[in-house]
Every structure is written in C-alpha cells, then in structure tokens.
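Reader: I am new to this structure. Please take me through its salt bridges, slowly enough to follow.

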Amino acid sequence: MEHKLLEIKGLKTQFIGDKKIIPAVDGVDLTIHRSETLALVGESGCGKSITSLSIMGLIPENGKISAGEIIFNGEDLTKKSEKELERIRGNDVSMIFQEPMTSLNPVLTIGEQLTEGLIIHDKLSKQEANARVIEMLKLVGFARAEEILSEYPHQLSGGMRQRVMIAMAMATNPKLLIADEPTTALDVTIQAQILELMKELKEQFQTSILLITHDLGIVADMADRVVVMYAGQVVEEAEVESLYENPAHPYTEGLMKSIPSLEKEQKRLYSIQGYVPAPDEFPIGCRFAPRCEKAMEICHEKAPNIYSLGNGHHVRCFLYKELEEIVEQ
Amino acid sequence: MVKFIIRRLLGMIPVLFVISVLLFTLVQSVPGDAFTGDLNPKIDKKYIDEMREKFGLNKSPVEQYFIWLKNFAQGEFGISFKNKLPVSDLIVDRIGNTVFLAVTTLIITYLLAIPIGIYSANRPYTLSDNTITTFSFIGLSLPTFFGALLAIYIFSINLEWFPSSGTVTAGAGYTGIQYLLDRLHHVLLPAVTLAILSVASYTRYIRSSVLDVKQQDYVRTAYAKGLPRKKVMRKHVLRNALMPLITFFGLDLGGLFAGAVLTETVFTWPGLGRLIFESTVNRDYPVMMTCYMLIAISILIGNLIADILYAKADPRVRYD
C-alpha cells in the first residue's frame, strides 16, 4: 500500500454534448508507484489527456467525473473540494503540457509566472521565491537564469520554454509530475535533451512521472511500466521490457509496427487501418475489433475482459481468454 | 519610442493632405452654397453677388482649395458665413461641451460593459447570458435618434427625472458644487443614451474576448499551478482579454471630437456635433472644413495613442 502513490479505480469521465453523453474515459484503472515513470500510450483521442486532466481536477467545464476513485497519497481526489484541489495542484501534482509555445502567458515575465505558484503554496516572499526560481532555472539548464526572470515568453525558443515549464512544475518539489506529450511540439534534438533533463530531475527529486505520449520510441527510454489506452479504456498494461518483448494486444502490436525502423528494410511504413472511434460511436463488442487484423466473431459481439499473462502483464483481448481473468473494480 | 512617435506624426501630414482634398471635393460637390438658401426677397441680388465675391466663392474650386489650404496651414480657419464669427471661436465655444458629454459617455460605457461582458463570459449560454445577449442585440439595432427620443419621452416628459435639453439650467446662476451637479444632471440623459448603444457592442466584444482567452493554454497552466479561480481571472484572463479594448479606446478618442451629431441635435446639446449638423445644413464651408479636419486629426491621434498604449500593455509589441 505504502509504495502506491496514485491509484485510479474505475475512472469514468464524461462530457455533455448536444443532448448526448460522451464517455471520453470509460472505466480506467491504473497505478503509479513512488518514483516510478508510467507511460500512458495511445493514439490521439483515446482519452489519455482527459485521464490526466481528471487527476488534476481540470476537466473542461462541460465534463465531469461520473464514477471511480483517484486515490493520491491515500486520499480520494474526486471527493475533494475546489479549495483542497488548489492546494494539491502545482504543489503535490504538477503538470507540463504539449505546447510550450502557448502554455506561458505572453504578457507576464517568466519570473512572475514561475514565482506565483511558490508564493501561494510555500508561502515564500517575493525574494525567496526568486532565489528558488533562479536555482531551478539553473537546474534545468539556463546559464543566465537571473536575466531570464525579467524576460517574456516570446523571447525564448520552444525548447527553452519547455525548460521553463519544467522548472515551474518542479519548483514546488511535487510527488507526481504529469507530462502530457512534453516533447511532441519540439525538434528531435531538443526532444532528447528535454527527456534527458526529465530523467535527471526525476532521479534528483524522486518524483513519479506520468508520461503521456503516442511515441513508443521514447517510452522504452523513459518508462518503467506502460499502460496502453484505446477508446477510453486500458487495453494493455505491462513492465516496459515485457511489453516490448511480447506485445499482447493487437493494438499494441500495431503501434509497435508503426515505429519506423532503420534495421528492417521497409517499402511502406506500417499503419493501423481506420481511426479511433468517437466516444459516442463505440462498437458493442471489443472497441478495437473493427480495426483489428485478428478479430474473431466473438470480438464483434461481446466486450472482452482483462486477462493476465503473469508478472503484472494484463491485456483486454479475447485472444487470451484461456488465461486467468482479472476482475475489474 | 520617441522616434516612432515623431515618424508617425510626420506620416500624418500626407494623410491629412489627401483627406483634405477628398473632404473639400465632397463639400464643394454639394449643389449650391451658403447663399443659395437665402430666400429673403428683400435682399438685393447684387448684395449676394458681392458677398460671393468677397468670400471667394466665384473662384474655381481648385483655387478655392489652395486658398483654404494656405490659411488652414497657418491656423486661419476663416469666418463662419452664417454667424459672421471666427470658426476658431465657434469651436472653442462648443468643444468643452462635446468633450464633457463624450467623456461621461465613455466612463458610463466602461463601467457597465466590462462587468457585464465578464459576467456573461463566465456563464456562457445560461439564462442570464442569453438575456444579456438579447438586450445587446436590441441595443445594437436601435438607431441613436430613436433611443434618444425614447429616453426623452420616458425620463424627461413622463417621469420628469432629467431635463431634455441644454447643458445647464438657464438663469439659475449656480456656482461651485451646485453648478457641477447641475451640469451632471443635464449630461446624464444624453450620455446614458449614447452609452447604452456602445455598451451593447462592447459587451459582445468583451464576452467573446474573455471566452476566447479562457480557452488558452496558459490559462490551463495557471490553474495547473494551483492558483485560485479569482486570481487566474484577474491576472491571466482579464489582462489578455481586455487588451484589445485599447483599439476601441483609440477609436473612441478619435470619435470624441466628432461629437454625437444626432444625439446632440435631439438633446439640443450645444456641442461640435450640432455645429457640424448646422454648418452642413447651411453649407457653411469654413466651419464644415475645420470641423471635418478636426475629426480626421483626432482619429489619427487616437490611433497613435492606441498604438503607444499597446506597446505599454503588450511586451510583444515594440516600436523602434
């Protein structure tokens, strides 16, 4: 129990559309242990970001958590008031976003934006906050940290802005850092630097990371465990080695095959046919069945349960129905 | 910045020249002149011809333009055909009233529109937002003069709360604070009438601007930091959402001297708007040209001020 930092049980987050209820996240279970990096993988629109925003309590106004528990550090976040959540956000749980270009307020100085969280959470004075921020900026690789404080976001490049976002997120020494596609908008060379920086900081601060990505390439490098999401559900969960050696779910397999490889000579890049169905158009059976190369009759009729391949490797697929069934909470 | 301002001011000269040519052409192309309408049969036709000669109305339009330009450039605005008074005196007489009315209107507009717009944006598509939207559209589609007449009918004639015309109570001889209150009492009805109309468009604008900024990534970042809702609104949303109002403010500054032609006329408010109206009806060329040029200059200056304010408010905007 002690080493579980975050445990999500049966999370359902819904949006109210035009008289329709849209189940963006539909019964997600996942666990993050202390100082572990968990990668949450899946295509766009599969509910990864909404899962992370649900943890933060930052779901857009027309959405709500309709079922499930988010137990962080022993307390259920879904039962917390807005005031209590404010004390946790940016303090115990921090978040960095996909778009460093637009995630900083264009009219406030970097210093102003970096210190405001510290002033609120750690009750620091302006000077103390500034000192802490300068220390953080140096840590994320700014040589001229003092000068950056009085600069504005538009004076920095995308990679520098993401470093600022990381400094902002880590300044309060959070227990959990949620990184929502932190490198997607960056150049490949900058990507590697940012990932390296996140690894270093994780070691230093003993922070757990929830890394949301659609790039399986960076998962192998960063994560301890992987959760694969498809159409609002978890379809596979495994230790990173186990997943790469033996991707069980046809969807995971498809994602793996979609990574361009230099070793194998490929005429065409593999791609999974079709698109993620919209949350109001989920099929009756397995949600992946219409796109699945291995789909059987049963897949179109019944929704599969979760089966265990042992060693914490779970998969939601009828191909494994002979194996031990995991009961969902 | 100083260089920028000087460059912009110098740049206004050719613009004003072109505007003056256009204005002069427009003014001159209206058939007749200031004396056409003098139907008094007792006036000798010869006298009218003499007057036309005296004021240079018999010269060719091009000649007349350059005479006007030469005088205007030297600060000679001419003599009103109608009142036989120097145009500068007429304008000085009226400008105070117009500015007083315009500034009051502007203050009322901002005091109403900003809170209403923000309120509306924080509850999009609810009953209160839809009610505000409905009233905004009524306000937007109501013609000024109709609103003014309606206001006079309700608040002056029926309720007798406000006077329907003038800037002070004639012959009351108020001084000090009483004088000020009396003026405020007179300005309120025309100012509120004018304000209601601009509140409608401002409210719409502020609502959509706040709604737009609330969707921005940096607002989500601010929430993710754990800032309370109020602080996010004040520090991150409003600053960005209200910045585009600077443009409106610049336009309003420009419109300040244009006066509210119709409203001033309906409320018999002796401001520039009425002067423009009267001079246009009477083809009083010197007054017309001076007033129109004044409007052109104030719009250019208003835009310049808006640009300067932008540079102050938005760090991304820099002039060198």
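**Salt bridges, one by one**

Author: Start in chain A. A:Glu135 and A:Arg132 both sit in helix 4 (residues 126-139) of that chain. They are three residues apart, about one turn of the helix. Helices here are DSSP runs of H or I with at least four residues, numbered from the N terminus. The two residues form a salt bridge, with the closest N and O atoms 3.3 Å apart. The term means a side-chain nitrogen of Lys or Arg within 4 Å of a carboxyl oxygen of Asp or Glu. A:Glu135 is partly exposed, at 49% relative accessible area. Buried means under 20%, exposed over 50%, and partly exposed in between (1.4 Å probe, protein chains only).

A word on the basis. This is a predicted model, where local features need pLDDT of at least 70, side-chain atom pairs count only at pLDDT 80 or more, and totals for chains, interfaces and linings use all residues. Residues are numbered from 1 along each chain as its sequence is written, chains are lettered from A and ligands numbered from 1 in the order written, and side-chain values use heavy atoms, without hydrogens and water.

Now chain B. B:Arg8 meets B:Asp307 in a salt bridge of 2.5 Å, N to O. B:Arg8 lies in helix 1 (residues 2-29) and B:Asp307 in helix 13 (residues 285-313), both of chain B, so the pair ties together parts 299 residues apart in sequence. B:Arg8 is partly exposed at 25% relative accessibility. B:Asp307 is partly exposed too, at 23%.

Over all chains, the count is 32 salt bridges.

Terms used: Helix = DSSP H or I, 4+ residues; strand = E, 2+ residues; numbered from the N terminus.
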